[in-house]
Amino acid sequence: MTRRSFVGLAAVCAVGAGVGGLGTAFAQGDELLRPPGGQDERALRSACLKCDRCRSVCPTDAISLASVEDGLVSARTPKLDFHKGYCDFCGKCIQVCPTGALRSFDEAREKLGVAVVQKDRCLSYFQGCNACEDSCAFGALSFSQGHPVIDGGMCNGCGQCEYECTALVYGTFAGGTRRGIVVLPPQAAAALGGTLADGASE
């Protein structure tokens, strides 16, 4: 291979890597938890003005803003953060949305997500804990042999169980980012195939 050919090949590889990285940055965000009425990702991204009204009006502080790490297209769009609060389906975020990016939402028939127990984080598997036991208003969470069990069909992803979880709150499992029970977007929960994750969490 001549020097000119090598330089040309290197340039092509560099451009390809750059385009691939850019594509990834734009493609991210499909796995974000959205506020009620924002479950159609394409519709939300196209209509959202990133005005921040939904976050400002949320009475439980469950709505935060997506960052650049969530994807360039998704940056500053609303997402749910159940470490700060949970969704009580008050509808205020939908009411203040000026473009309809957050449409009407029926919590009895639609899902924000599905709660999943992280076995390697849940304190009930290590020292005993039932902090989330009475957190579910929809009857989707019960305890069996001292451990939380989620009924994925009844769970609508309100996030109160994740909010109530004490893992990470008091310095337990330092270095992690996930609590013992987390809410995943419906498609991610479906891909997991259940509501108990046995593998290592982040």
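Strand S3 (residues 114-118) and S7 run parallel and are joined by two bridges. Strands here are DSSP runs of E, at least two residues long, numbered from the N terminus. Two of them count as paired if DSSP finds at least two bridges between them. Across this pair, Val117 stands opposite Leu196 of S7.

The model is predicted, with pLDDT of at least 70 required for local features and 80 or more for side-chain atom pairs, while totals for chains, interfaces and linings use all residues. Residues are numbered from 1 along each chain as its sequence is written, and side-chain values use heavy atoms, without hydrogens and water.

S3 and S7 belong to an open sheet of three strands. The order is S6-S3-S7, and the pairing is mixed. S6 (181-184) and S7 (196-197) are the edge strands; each has a single partner strand, so one side of each lacks a neighbour in the sheet. In general, strands of a sheet pair through backbone hydrogen bonds, in either a parallel or an antiparallel sense.

A hairpin is formed by S4 and S5, with two residues between the strands. S4 spans residues 141-144 and S5 spans residues 147-150. Their pairing is antiparallel, over four bridges. Ser144 has His147 as its bridge partner in S5. Phe143 is bridged to Pro148 of S5. Gln145 in this hairpin takes a positive phi near 55°.
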